Amino acid sequence: MIIDRIGPAYDFQILGPLQVRVDGTALALPARHPRMLLAVLLLHNGEIIPEGRLLEQVWGHGVGSTIALRTAVSRLRSWLRDKVGGVAEVEHVGGGYRLRLPGRFLDAARFRAALAADFDAPGTDPHQRLAALMGALELWHGPVLDGAPEGVREESEVRALEDEHALCLQRLAVLAISVQMPELVLPRARALARTRPFDEPLHTRLIELHAACGRPAEALMEYERLRSRLAEELGIAPSADAQHAYLTVLNQDLPPSGGLDRSHVVSRDHLVVPRQTPPDIADFTGRSKAVAVLLDHLSGLLDDASRTTAVVAGVTGPAGAGKTTLAVHIAHRLEGAYADGQLYADLRGAGIPESPARVLGRFLRALGVAKNAVPDDPAERTALYRSLVSGRRMLVVLDDAADEAQVRPLLPGAPTCGVLMTSRSRLVGVGGARIVEIDRFDADHAIQLLSAVVGHERVTAEPAAAAELVALCDRLPLAVRVCAARLAARPHWPLEGLVALLRDEHRRLDELSVADLAVRDGLRQSYARMRKEVRPTLARLARLGRSEFTTGTVAAVCGLDHGSAVDHLGILVEARFVSVVDTGQAGRFHYRVDDLARLFVLHPDGAGLESSEGLQIHS
């Protein structure tokens, strides 16, 4: 499930279709009448609604009955009790009903609180106010209670909320122009203005936004459409405020950001479309199934009108399996689908993880925000980032993520965006993500990669040596690539010469290094993140060689009880030092320490393992 780190655990949503989410996961709503009853009560959270009014809105004029209402209330209470515990309660008070729900769990209450806070803080930094109101707008996913019956949608409270939505956009327009970032608000203001054709203040701000973005012709056309509409439908002239905005444009007296100082403006006419993904590799090999799944997921769902979140996919696997290579290859294949650009960040999760706030700062600057306009507060950076990518087809590549907490602030909120993550962890806490797990190559693909780098002729000339070389590399893509690079640098060196060096287990990891590529580095990073109490277990299991073992073996060899043995094995499998071989007989899992991991433990380079563990792990 996707959980925004600043969002509530329970989220009742009426700013758009009615939804109830728990930890980011949407719940199946109750049947029609309890559902509409919940919608009306949420609109008036904390207020007593007379029974007659509820009957009129939920069932229609003269259709419902007191018995039907009480039955629906009973069903709603049962649903709330089962799904959200005691967070929300329906009370019978006098001749009506009241919903008691803390305001922090209702999107409309949070939106109103943010709008009220802006009215109370006129002297605050305008960039902070801009980010806060942008964050409030992110709570809107459509018209209030979109899809509900007209009896509910005609509620005066619905109109009040939608008027406040327009007011929020008007205040945002003024702020955005004052900080020379009008393009942040223009798309939203234009979209909402189309649904409110007679809202003069909103259309006036839209005229000013067009002008501030250096689009005087569009500003004048907007005024002309408003003038014609008011004259034909209402027989009135535009307000003095609208006329002043029109005359300002006509006299070319543009607001300060009128398109001249582009260093502070994010303008769609002058956007730098970010293409931050590293270059693809010419000898990409294998992974055809993973490529097909990722391409289908990240491109096939983009035009799904029912989606309300970004498309998210993840690649997981051991160090050296080629996760980054695969992600970069996929990103280049998707350039056409995500025409508005690609953002890329190395999150360094295997070492000292990069802070999301720093990454957001780089993303914002890549999206055209001036350095001095990037908010200091991490939450405001996230809100501004999500606002900037809203409505744009952008792919965000998050490479080498440490965990879900590092990823969540970097997830776009727009369904037009895609996210491709890589991590040694499975990141199952990022909801809605399609996780693709990759492991070592099979022998054929490993040899195919070797051939692609060193040349087909050299490999076919020594087929036995090539087969043994990839086996000694444990078919790990990084290890095979290192060997291929070393052989390519020595065109007259026979494959058998390198194989002879790799046969020596004491120096094999030393040989699997070239330039800035080293298999040992990835193993060391994974080992450093492992819980210290599990390391002695790995050391003892490594001494079993290539033998397979069961949980019972781990308990006996390492002196652990069954529960601890299961726990340690789970950690070692997650860290990619141990692989599940098969389920054996009677469903018992069999395991084995991976070859290169075993050599890392048995033959450290002096800095890889800790002497304080007190184990004689050398063979």
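E468 and R503 form a salt bridge, a term that here requires a side-chain nitrogen of Lys or Arg within 4 Å of a carboxyl oxygen of Asp or Glu, and the closest N and O atoms of this pair are 2.7 Å apart. The bridge links distant parts of the chain, since E468 lies in helix 19 (residues 463–472) and R503 in the loop between helix 21 (495–502) and helix 22 (508–511), 35 residues apart; helices (H or I, at least four residues) and strands (E, at least two) are DSSP runs, numbered from the N terminus. The model is predicted, so local features need pLDDT of at least 70 and side-chain atom pairs count only at pLDDT 80 or more, whereas totals for chains, interfaces and linings use all residues. Residues are numbered from 1 along each chain as its sequence is written, and side-chain values use heavy atoms, with hydrogens and water left out.

By the salt-bridge rule the count comes to 39. Among them is the bridge between D11 and R110, whose closest N and O atoms are 3.1 Å apart. D11 belongs to strand 1 (residues 10–13) and R110 to helix 4 (residues 107–120), so this pair ties together parts that are 99 residues apart in sequence. D11 has 12% relative accessibility and therefore counts as buried, the classes being buried under 20% relative accessible area, exposed over 50% and partly exposed in between (1.4 Å probe, protein chains only).

The largest nonpolar core has 102 residues, of which F12, I14 and V185 touch the most other members; such a core is a set of buried Ala, Val, Leu, Ile, Met, Phe, Trp, Tyr and Cys residues joined through side-chain atoms within 4.5 Å. Helix 7 (residues 156–178) gives the most to this core, with 10 residues. Apart from it lies another core of 54 residues, including F441, L487, V519 and A539.

There are 2 cavities of 30 Å³ or more, where a cavity is a set of points, on a 1 Å grid over the protein atoms alone, at which a 1.4 Å probe fits but cannot get out, and its lining residues have an atom within 4 Å of a point. The largest cavity is lined by 18 residues, with P318, A319, R440, L476 and L523 nearest its centre. Helix 23 (519–528) and helix 27 (595–602) each supply at least two residues of that lining, and helix 23 provides the largest share, 4 residues. The second largest cavity has G314, V315 and T316 among its lining residues, and strand 7 (311–316) and strand 10 (418–423) each supply at least two residues of its lining.

Technical notes
1 Å grid on protein atoms, 1.4 Å probe; cavity = no way out; pocket = protein on both sides within 12 Å on 5 of 7 lines; lining within 4 Å. Points joined across faces, edges and corners; volume = space filled by probe spheres on them.
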